[in-house]
Amino acid sequence: MFNHLLSLLIWLPIVGAVPVLLAGSGRPNAARWIALLMAILTFAISLFLIPQYNPDVAGMQLVESHLWIDALNVHYSLGVDGISVALILLTTFVGILVIVGAWEVIQDKPHQYMAAMLVLEGLMIGVFCATDALLFYAFFEAMLIPMFILIGIWGGPRRVYATLKFFIYTFFGSIFMLIGLIYLYLKAGSWDLHTLSTLPLSLTEQSWLFFAFLIAFAVKVPMVPVHTWLPDAHVEAPTGGSVVLAAVMLKIGGYGFLRFSLPIVPDASHQFAWVVILLSLIAVVYIGYVALVQEDMKKLVAYSSVAHMGFVTLGVFIAFMLVRDQGNTDAARLGLQGAMVQMISHGFVSGAMFSCIGVMYDRLHTRLIKDYGGVINVMPWFGFFYVLFAMANCGLPGTSGFVGEFMVILSSFSANPWIAFVAAFTLIIGAAYTLYLVKRVLWGEVTNPHVAEMKDINGREWFVLGAFAAAVLVLGVWPAPLTHLMDSSVNQLVQVLANHKV
Amino acid sequence: MPNINDILIMLPEFFLVTAACILLLADAFMKPAERVYLHWLSIGVLVVTGYLVLRYQPEGAVTAFNGMFIRDGLGAVLKLFAILSTILVFIYGRPYMVDRKLFVGEFYTLMLFAVIGVMLLVSAGNLVMIYLGLELLTLSSYALVALNRDSSLSSEAAIKYFVLGALSSGMLLYGMSMVYGATGALGLAQLHEAIPHSAMPHLLVFGLVFMVIGVAFKLGVAPFHMWIPDVYEGSPTAVTTFIGSASKLAAFGMAFRLLATGMGDFAQHWQIMLAALAVASLAIGNIVAIVQSNLKRLLAYSTISHMGYLLLGLVNAGPEGYSAAMFYAVSYALMSTAAFGVILALSRAGFECDNIDDFKGLNQRAPWMAFLMMLALFSLAGVPPMFGFYAKLLVLQAAIHAGMLWLAIVGAVFAIIGLYYYLRVVKVMYFDKPEAGTEVRLQSDFTLRLVLSLNALVLLGLGLYWGPLLNWCKQAFVG
């Protein structure tokens, strides 16, 4: 079983979607239970990654490789390093919570909803495992189909606009990456990511490829100025869709930078690092201000996601400045570590925030902040969780949100104090928009009579929010296991950064 | 004198001609109630023909009748898939034709003669043979389009098709006569040898232009695409399916025989012409499709753009590009039969089910059909893991390898634009509510449902494992 652990992780949820679909609309509970069973099984199997993966050894482990298409030398090759393991665990963890979270909320065609979620989960795991560029691309694109359906069928009133925008935006980004990958294949005769990373390329070639990759992953992350699909998609998506989108899908953009831009085009990445750093800082500061004025809770959290993901791209590309310009590998390592921790942490925090909003939306069917107020008076338990996640969102020490941002700011200080100064603004702006949100939603008098009728969270919701809360706290207090898991992979990345290709 | 060897080489064609003539006669003595036997007999004849094509497949290429006829790997692949798509047309089309009182013997015999045309065309080794195969195919097609003679839409489509088809045949013949004048050769192999020594290269280029126009008409690439939308919309849907699948395979075969086999050394001239045609097709096909409200018209414009992608493979002008283009033609044939198959399965007497609005809320009424259509549409749009994506991948790769990176980028950009209108149909099926007062009644024909399901699932299956098919396509161009 361990020889095919990764294949099992990818295909179990995808194949598991078939019985869920077959259960049909006539037996919604059967569909739900089968889906839950599949999600739990996937999570359980993903836990085997921890003992099976040796964090002290760099490079890909648990490797599987079969020739897929011989005419094009495409391989079905999978492998994980520390970064992938962390992201896969995040995916399977969130996978259970979105199924539980949707239990009785989704009444319309629940079997299709659950099946789409499972397929999506399998494809996302596939993205994190693929070590063949074409296989990666196939998973990367295939993922759009279930998400398109999820937003389109179960979304809000403007769901069609949002989901089309989501699909076309992402497709637009990735098709240029495809051209880049074909170019690389014709040059190297292989789609293997490791082979491509050792392929010598001139700076001109690298620059073109860099921008091809940048557009693909920048849309996914998303970075300013191609972030505009995200608020729309988040606002219109059903709660589960928003959770998966924020918790896992955005991470694929950051992950793509690590797998493609850094190893394949290191010199161009170094040359254009300032572009990404600048865009990241704009995301952190400007999008923070944009979040401040939002009136829709989901939109606010969506913009805050863009700002937080700015730290991921900042951490990744600041490492280039540190290694290449200053030879400071320790700080570079810190920056990359911080970016990784931020990815995982943001997965938990944003997933939790969207789940909280979902809880409120299920009761009042509105996401507008002004319709709420004084929720804590009627939903004390809910208030507890909400405040906890809000604190994590603004980066309070002791929560996971603090660790990553702190590491990135610290490392950018070594590169250039001014970058650190601008990035640190997030501590103020993030606190401002999050606390302002909490103030308007939770505190104060109950003014809306409907709010007074809201019931506190039930056992199912308690489970979802409790699981997120545990993850946020554990990661905040004791991030060492996570950093240890990714340590050697990050070290290896830092070495890759230093390799000149021209 | 033809010897026994020639006849053996052309055995599949001879068998099909004989069988088609017998069926034509048999039909005259059949009662209307017995016509269902004709249906199964025609399918049986096609299956046997396909078997013959495969069974006595020689190594490499052999010619018959003094080079008039070439039997090789390319011909085998194209013939098999043309036969396969015709069988699919028969299966999907039967309930539709019965509902419209078009379930007549002519449908079957004309169809079989059109298939013979396809088979001769893709195996032609001589300019005269190309013309012969082409006319057999198109004359049968004109009549098929006009089968529903009481419908003014159908008649208009047939007239349009006929006039433009005749015009394009004329252009093709004119071009051929120029080339003949410049080289004195009619056989494609002789032509290939004579071209470098021709004393009149300008005349050759002049002739080439007209031949390319003729090919462009048949493929339906812009700006010679005018007939496509009207013919697609006006024909009985079963006939549209045939024109959208087997005919496209034939057109690819003709393009290959004329341009690559015959004028391969002139590639630098026709490459650039094809590149320009590809850009025009991609632009017109993808942009105009956005505003269509009729699904058959939408698929017609989609064909135009798909033929643009196919040209991306041909401009490579090497075995790699030819195999990519053939892979594309095969994939397109399978995708379009699936998409039209769903339309056929949902239409009933007095209801064509060809407006996009007819598909509103299909997921709530017939979730399986909606799913099959979704597979076909995502495949047409080129989203992995569907088959259509890999076909696009190969032609883009071929274009880049030929040093036409710009062309590949144009193709990529129009893929994004094209995505929109496919998504729009998915949106209508999945996200819209069904309109009150309308209903969906599936054709109850079990064979249709089964084969259609297989057809659409194959698009997914081949997307997961397309290596053998690609190897097969590649083998056709080795040596």
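In which loop of chain A is Pro225(A) found?

Guide: Happy to, and please keep in mind throughout that this is a predicted model. Pro225(A) is found in the loop of chain A that runs between helix 10 (203–220) and helix 11 (229–236). What marks this spot is the peptide bond between Val224(A) and Pro225(A), which is cis, with omega about 5°.

Chain A holds 23 helices and two strands. Its radius of gyration is 22 Å, close to the 23 Å that the globule rule gives for 502 residues, so chain A is as compact as a globular protein of that length. Taken along the principal axes, the C-alpha atoms of chain A fill a box of roughly 70 × 55 × 40 Å.

In an unreviewed entry, it puts the feature "domain: NADH:quinone oxidoreductase/Mrp antiporter transmembrane" at residues 130–427 of chain A.

Two packed helices are described by the angle between their axes and the distance between the axes. For helix 16 (residues 329–364) and helix 19 (residues 400–415) of chain A, the angle is about 155° and the axes are 7 Å apart. The two helices of chain A are therefore roughly antiparallel, helix 16 to helix 19. Their crossing is left-handed. On the helix 16 side, the residues that meet helix 19 of chain A include Gly335(A), Gly338(A), Ala339(A), Gln342(A) and Ser345(A). Among their partners in helix 19 of chain A are Gly401(A), Gly404(A), Glu405(A), Val408(A) and Ser411(A). By class, this contact between helix 16 and helix 19 of chain A has 11 nonpolar residues, 11 polar and one charged.

Now for chain B, where there is a cis proline to look at as well. A cis peptide bond joins Ala222(B) and Pro223(B), with omega about 0°. Pro223(B) sits in the loop between helix 9 (201–219) and helix 10 (227–234) of chain B. UniProt, again in an unreviewed entry, gives the annotation "domain: NADH:quinone oxidoreductase/Mrp antiporter transmembrane" to residues 124–417 of chain B. That stretch, residues 124–417 of chain B, is 78% helix and 0% strand, with its end C-alpha atoms 37 Å apart.

Another loop in chain B has a backbone feature of its own. Lys101(B) is not a glycine, yet it has a positive phi of about 55°. Lys101(B) lies in the loop between helix 4 and helix 5 of chain B. Those two helices, helix 4 (residues 73–99) and helix 5 of chain B, pack at an angle of about 165° with their axes 10 Å apart. Helix 4 and helix 5 of chain B are therefore roughly antiparallel to each other, and they pass in a right-handed crossing. Residues of helix 4 of chain B in this contact include Leu78(B), Lys79(B), Ala82(B) and Ile83(B), while helix 5 of chain B brings Met111(B), Val115(B) and Val118(B), among others. The residues of the contact between helix 4 and helix 5 of chain B divide into 10 nonpolar, two polar and one charged.

Helix 5 (residues 105–122) of chain B also meets helix 12 (residues 246–262) of chain B, with axes that come within 8 Å and cross at roughly 20°. That angle makes helix 5 of chain B roughly parallel to helix 12 of chain B. Here the crossing is left-handed. Val115(B), Val118(B), Leu121(B) and Val122(B) from helix 5 of chain B meet residues of helix 12 of chain B that include Leu249(B), Gly253(B) and Met254(B). This contact of helix 5 with helix 12 of chain B has eight nonpolar residues, one polar and no charged.

Finally, the two chains touch: 24 residues of chain B are in contact with 27 residues of chain A. On the chain B side, helix 18 (387–401), helix 19 (405–430) and helix 21 (467–475) are the elements that give two or more residues. Helix 19 of chain B gives the most, with 10 residues. By class, the side of chain B that touches chain A has 18 nonpolar, four polar and two charged residues.

Notes:
Residues are numbered from 1 along each chain as its sequence is written. Chains are lettered from A and ligands numbered from 1 in the order in which they are written. This is a predicted model: local features need pLDDT of at least 70, side-chain atom pairs count only at pLDDT 80 or more; totals for chains, interfaces and linings use all residues. UniProt positions are given in the numbering used here, feature names are shortened, and annotations may be inferred rather than shown by experiment. Axes are lines fitted to C-alpha atoms, for helices over the stretch in contact, and angles run from 0 to 180 degrees between N-to-C directions. Helices (H or I, at least four residues) and strands (E, at least two) are DSSP runs, numbered from the N terminus. Angles under 35 degrees count as roughly parallel, over 145 as roughly antiparallel, 65 to 115 as roughly perpendicular and the rest as oblique. A crossing is left-handed if the near helix is turned anticlockwise from the far one by less than a right angle, and right-handed if clockwise. Two residues are in contact if their C-beta atoms, placed from the backbone, lie within 7 Å. Ala, Val, Leu, Ile, Met, Phe, Trp, Tyr, Cys and Pro count as nonpolar, Asp, Glu, Lys and Arg as charged, and the others, Gly among them, as polar. The radius of gyration is taken over C-alpha atoms; the globule rule is 2.2 Å times the number of residues to the power 0.38.
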